Amino acid sequence: MPPAPRPTVLAAALLLATTTGCSLLAAPTTGTPGGPAPVPPKQVVLTAAQALDDAGSARIDVVREGPGGRRTASGSLVWGASDEAGLTVTDERGSGRLTVKDGALDLVYQDGAARHAERSTAESVDPGAGPDPEGFAGGWTTALISSPGGRAYEVAQGVKLTSLGGEQLAGVTVAHYQGSAPVAELFGKDDELSPRRRAATLDWYRQHGVTAIGYDIWVGPGMQLLRLRETVRGDAGTTVTTTDVSAPGAADATPAAGG
């Protein structure tokens, strides 16, 4: 189901339990005199992202909404020594099953249509992708097969985050952080991308009139990364992709190939 609108900020400061006790997480004020000092947003997100990445697996639920319609995906994701995934996907072509095994992606729809790609050309399985396997299609498939912790870590490293205070998410008080950065800064120096892939990515954003990307990150008690949202505004309108993370470390080690 699509994420609920953000509730009104509950307080200027937010106390969350961590493995080392209670820390005041990046509150917009300095907090109570004599109380624990606020933790910078970057440090909070880096810590939560690293904890999720260390878990090695999780269940994710992803929703993308924008001018092109609504897409959803949910299932198990495993990363680390052996990246695997088993996700139920719904997009413009209908419902299907996306699996990742040993670096290979297979997306099979209920009508029998199938698409195959290697991790390096993952975007080519996107319904909006062109014939060039080195092209870029907006990052949807990349978001489905990459660790949310790894993505949040990159955001914390490359985006100046600010605190929006505390709010309710699924009945729990969580910390909400927000920031944005120019596309050229986010991808222009990304050493994870080959020169050709970097050029294709930057060209896609340029053609769609996207100059910056906005990010929202929610961190819950125990320094758990709970939600990562990416907002892209371009010539065709605004597209929002939200990834919810649940039961980190509890995903099946070998996602089933079936539905």
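What percentage of the 259 residues of the protein chain count as buried? The figure is 46%, where buried means under 20% relative accessible area, exposed over 50% and partly exposed in between (1.4 Å probe, protein chains only). Keep in mind that this is a predicted model, in which local features need pLDDT of at least 70, side-chain atom pairs count only at pLDDT 80 or more, and totals for chains, interfaces and linings use all residues. Residues are numbered from 1 along each chain as its sequence is written, and side-chain values use heavy atoms, with hydrogens and water left out.

The protein chain has five helices and 14 strands; these are DSSP runs numbered from the N terminus, with helices (H or I) of at least four residues and strands (E) of at least two. Take contacts (heavy atoms within 4.5 Å) between residues at least 6 apart in sequence: 52% of them join residues at least 24 apart.

Now look at helix H3, residues 148–158. Pro148, Gly149, Arg151, Ala152, Val155 and Ala156 are buried there. Seen down the helix axis, the buried residues of H3 fall within an arc of 160° (taken from the directions from the axis to the C-beta atoms), so they line one face of the helix. At the start of H3, a side-chain oxygen of Ser147 comes to within 3.1 Å of the backbone nitrogen of Gly149.

Next, strand E10, residues 162–169, which holds Leu164. Leu164 is partly exposed, at 22% relative accessible area. Tyr177 is 13 residues from Leu164 in sequence, yet their C-alpha atoms are 5.7 Å apart in space.

Conventions: Polar contact = N/O pair within 3.5 Å; in protein donor to acceptor, adjacent residues only side chain to side chain.
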